[in-house]
Amino acid sequence: MLSRRGFIGSSTLLAATAISGRVQAAGIPEAATTASPTMQPPLFPSSGPDYQPVVTLNGWTLPWRMNGDWKEFHLVAEPVVREIAPGMKANLWGYNGQSPGPTIEAVEGDKVRIFVTNRLPEHTTVHWHGMLVPNGMDGVGGLTQPHIKPGQTFVYEFAIKKSGTFMYHPHADEMVQMAMGMMGFFVVHPRDPKLHRVDRDFVFLLNAYDIDPGSYMPKIMTMLDFNLWTMNSRAFPGIDHLVVRKGDRVRVRVGNLTMTNHPIHMHGYHFSVTCTDGGWVPEAARWPEVTIDIPVGAMRAFEFVAEETGDWALHCHKSHHTMNAMGHNVKTFVGVQKKDLAKAIRKLVPDYMPMGSAGMAEMGEMEMPMPDNTLPMMTGFAQFGPLEMGGMFTVVKVREGLAAGDYKDPGWYKHPEGTVAYEYAGPVSDAPRQKSDAGTTKPAIEMNVVKPGKGGHSGRH
Ligand SMILES: [Cu+2]
């Protein structure tokens, strides 16, 4: 039996008398859980004001129950196994079976009561990032509340003042707990269902992990040099596509809990930035973009009307963030002939794969022996060939004639006749060029491998 004291934690005496009776009468709501990284359909409200629920890429929304006029949720902080993409799993910490945790959705004006049970091996708290809450509900361990020790359940209670785009994450041993994947979305819908209404509303958090190939545990001391750049703890090609019906008004909400900024770029559209974690951007102050930089510890929402059908790339524009696990001390070999060198190294390291002389695109097509539990650096195929991507990359698929609420993958886009870039088949004449050194490529450098034991230490020819 949990004591009344245990439930109420450090909330005020007044709140305790007003609330604890009901809490005990009804007990803690069941903690829904999932072990799957599959996108679950949006959770339409069964009571209260109507709203268009969000869709969490490779995720889900936490069910709640009404208890009097309180909306009750139950979060369980616990170790989880997350599939980063098919072929790789990670031992993370998260909530209710997955990392990120389930998305919490509520309505402006709601009174929410969130039970947080700690099944981690160390203490934690939950901070409601961007939300305007009483100070004692702000979740900063040591500052605004005692930590939630392993085995304890705490209660957070507050009335939601503003609609918008928020998130939750621990404010206890943050470096470790966020590096381990503890975070989730918190979306608050406007009380007036007509306000800021869209037809499709997608959410994802940007996160990053440093997991050595063959291992399962993130290295929590890594500060900047992560090797897996993820959306909702998934890397391309494991990230859900954003399936959109032509003509829909679409919102994409992005939060960044990595240790660096991410310029998120979408092809095919000029979108408007409509919301930050500080609230809705007034109509007159919205600005057009094709790339929106998401600072660390911030959220941005952008909107567009899906007029152009197609398969439109949506990705971080830092090209190292659209790569999966890679060694960072790989040498640049563009323009180097390294036949001999590769042969010599393969005698020592049979799997040795030098980076390409003409670039790295060949990596996208290669089938290389890989250690267990990692992802190819550049991977994924679409209808025209290898995509040569990884990390923070997905596709917005705009199609005609989808049903409202249909998020099933419609396959690759069928381009109208004559609208795909094509190879020129005519003769190519050697057009006279202006003479200049600038455009010429120097002859390739041949690397000679010196056999040990011959000719002392004189290495150069
Ligand atoms: Cu990035």
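A residue is termed buried if 20 or more other C-beta atoms lie within 10 Å of its own, exposed if 12 or fewer do, and partly exposed in between, with C-beta atoms placed from the backbone. The views below show a predicted model, in which local features need pLDDT of at least 70, side-chain atom pairs count only at pLDDT 80 or more, and totals for chains, interfaces and linings use all residues. Residues are numbered from 1 along each chain as its sequence is written.

**View A. The two faces of strand β15.** Strands (E, at least two residues) are DSSP runs numbered from the N terminus. Strand β15 spans residues 262–266; His262, Ile264 and Met266 form its covered face, whereas Pro263 and His265 form the uncovered one. In a regular strand the side chains alternate between the two faces of the sheet.

**View B. The partners of strand β15.** Two strands pair if DSSP finds at least two bridges between them. Strand β15 pairs with β19 (residues 291–294) in the antiparallel sense over four bridges, and histidine 265 stands opposite threonine 291 there. Strand β21 (residues 310–316) also runs antiparallel to β15, joined by three bridges; in β21, histidine 315 is the bridge partner of histidine 265.

**View C. An open sheet of four strands.** The strands follow the order β5-β10-β9-β7, with mixed pairing. Because β5 (104–107) and β7 (127–129) stand at the edges with a single partner strand each, one side of each is left without a neighbour in the sheet.

**View D. The pairing of β9 with β10.** Strand β9 (residues 164–169) and strand β10 (residues 184–189) are antiparallel and share five bridges. Threonine 165 lies opposite valine 187 of β10.
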